[in-house]
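Q: Please take a close look at one strand of this protein and at one residue within that strand. I would like a connected account of the surroundings of both.

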Amino acid sequence: MVVAKESAYEESRQKRLAENKKRMEELNLNKLSKALHTPKPSPMKKVKPKLPKQPLDLSAVRRSSRVAFLPPRSYKEVVHVEAMGKPRSYKRRDLSNRVYAADEERQYAIQRAEDLQSGLDQDVPSFVKPMLQSHVTGGFWLGLPVHFCKTNLPSHDAAINLVDENEEVSETKYLAKKNGLSGGWRGFAIDHELVDGDALVFQLIEPTSFKVYIIRVNEPGDSSS
């Protein structure tokens, strides 16, 4: 009995499969199923080329009628240079015909300066300094005798006063490591109209004060400032 039932069930199942297969062939479902499972090639995605960014034209921005008549404002970075204050003006005589001193005139000015020095108090340190172009034009730097600086002047930077023969005082900046006068010397040189070939006598009347005697290269025998 059991075998007969299984045989009948199998025949019935095979019959249904045959009917379903026939129906699918009639409806062309096999081809449709294959078409659904077959991947279609995807078309390549077109990429638009990137264009360089154009700078923003701020002049095209709508402007207020109150400023429409004014030229467009520039927004570029502008470097401002701050002035270092009003430059000091100096009255100076025309030196165009006596910029360079002749060797004979220079030596004569030095000789007169040494004669003046010999008449000073020998217990007070002093030295003679002939003027060159670098002392009275351009950089306005005055180097002092190294031995004199090491022996008599401070070992650190200091303010040193220059007192002329009219007792007028000019303050200068002494640089100990460079053994010379920097700031303030320019003003003294211009105020006293120093030129190439002049000879100066520096007498150390105080630890940080010099009495300065000026011998003019073009004024023989005149030691006044």
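A: The model is a predicted one. The protein contains 6 helices and 7 strands, arranged along the sequence as α-α-α-β-α-β-α-β-β-β-α-β-β. Of its 225 residues, 28% count as buried. Where contacts link residues at least 6 apart in sequence, 58% of them join residues at least 24 apart.

Strand E4 spans residues 169-175. E4 runs antiparallel to strand E3 (residues 158-163), and 6 bridges join the two. Within this pairing, Asn-161 has Glu-171 of E4 as its bridge partner. The hairpin of E3 and E4 has 5 residues between the strands, and Glu-167 there adopts a positive phi near 65°. E4 is also antiparallel to strand E5 (residues 180-181), to which 2 bridges join it. Here Leu-175 is paired with Gly-180 of E5. The hairpin formed by E4 and E5 has 4 residues between the strands, and its turn includes Asn-179, whose phi is positive at about 55°.

Thr-172 belongs to E4. Thr-172 has a relative accessible area of 2% and is therefore buried, the cut-off being under 20%. Its side chain reaches the backbone oxygen of Ile-160 at 2.8 Å. Beyond neighbours within four places in sequence, the residues in contact with Thr-172 are Ala-158, Ala-159, Ile-160, Leu-162, Leu-181, Gly-183, Gly-184 and Trp-185.

Key. Residues numbered from 1 in each chain as written. Predicted model: local features only at pLDDT ≥ 70, side-chain atom pairs only at ≥ 80, totals over all residues. Heavy atoms only, no water. Buried < 20%, exposed > 50% of the residue type's maximum accessible area, 1.4 Å probe, protein only. Contact = heavy atoms within 4.5 Å. Polar contact = N/O pair within 3.5 Å; in protein donor to acceptor, adjacent residues only side chain to side chain. Pairing = 2+ DSSP bridges.
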